[in-house]
Amino acid sequence: MVVLKPNAGEILTSEIEKRGLKLTYVAKKAGVEYTYASAVLSGRKRLTTEKALQIAKAIGLSYEKILN
């Protein structure tokens, strides 16, 4: 079973910022709604494993950084 690290949303947010990416670009590339991406990355909504992996792939982040 694939399990996210408790701080996976924070890791993704940090990596997006480090790379200088806009959330609109990341959401579109990951195939998720902008409002969903914004809510989960700000901690207002629960991040699912599936969506976390989609976002990680979109920004070129190794899955190992967000998975336990």
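1. Basis. In this predicted model, local features need pLDDT of at least 70, side-chain atom pairs count only at pLDDT 80 or more, and totals for chains, interfaces and linings use all residues. Residues are numbered from 1 along each chain as its sequence is written, and side-chain values use heavy atoms, with hydrogens and water left out. Helices are DSSP runs (H or I, at least four residues), numbered from the N terminus.

2. Buried side of helix 2. Val26, Ala27 and Ala30 are the buried residues of helix 2 (buried means under 20% relative accessible area and exposed over 50%, with partly exposed in between, for a 1.4 Å probe and protein chains only). Seen down the helix axis, these residues fall within an arc of 95°, so they line one face of helix 2; the arc is that of the directions from the helix axis to the C-beta atoms. An α-helix has 3.6 residues a turn, so residues three or four places apart point the same way.

3. Surroundings of helix 2. Lys28 and Lys29 are exposed on the face turned away from the buried side. The cover over the buried residues includes helix 1, helix 3 and helix 4. Gly31 follows helix 2 and has a positive phi, near 75°.

4. Helix 2 against helix 3. The axes of helix 2 and helix 3 (residues 34-41) are 9 Å apart, at an angle of about 115°. That makes helix 2 roughly perpendicular to helix 3 (65 to 115 degrees counts as roughly perpendicular). Leu23, Thr24 and Ala27 of helix 2 make the contact with Tyr34, Ala37, Ser38 and Leu41 of helix 3, where contact means heavy atoms within 4.5 Å. By class, these residues are five nonpolar, two polar and no charged (Ala, Val, Leu, Ile, Met, Phe, Trp, Tyr, Cys and Pro count as nonpolar, Asp, Glu, Lys and Arg as charged, and the others, Gly among them, as polar).

5. Helix 2 against helix 4. Here the axes come within 8 Å and cross at roughly 115°. Helix 2 is therefore roughly perpendicular to helix 4. Val26, Lys29 and Ala30 of helix 2 touch Gln54, Ile55, Ala58 and Ile59 of helix 4. This contact has five nonpolar, one polar and one charged residues.

6. Helix 4 itself. In helix 4 (residues 49-59), the buried residues are Ala52, Ile55, Ala56, Ala58 and Ile59. They cover an arc of only 160° around the axis, which puts them on the same side of helix 4. Glu50 and Lys57 are exposed on the other side.

How values were computed: Helices (H or I, at least four residues) and strands (E, at least two) are DSSP runs, numbered from the N terminus. Axes are lines fitted to C-alpha atoms, for helices over the stretch in contact, and angles run from 0 to 180 degrees between N-to-C directions. Angles under 35 degrees count as roughly parallel, over 145 as roughly antiparallel, 65 to 115 as roughly perpendicular and the rest as oblique.
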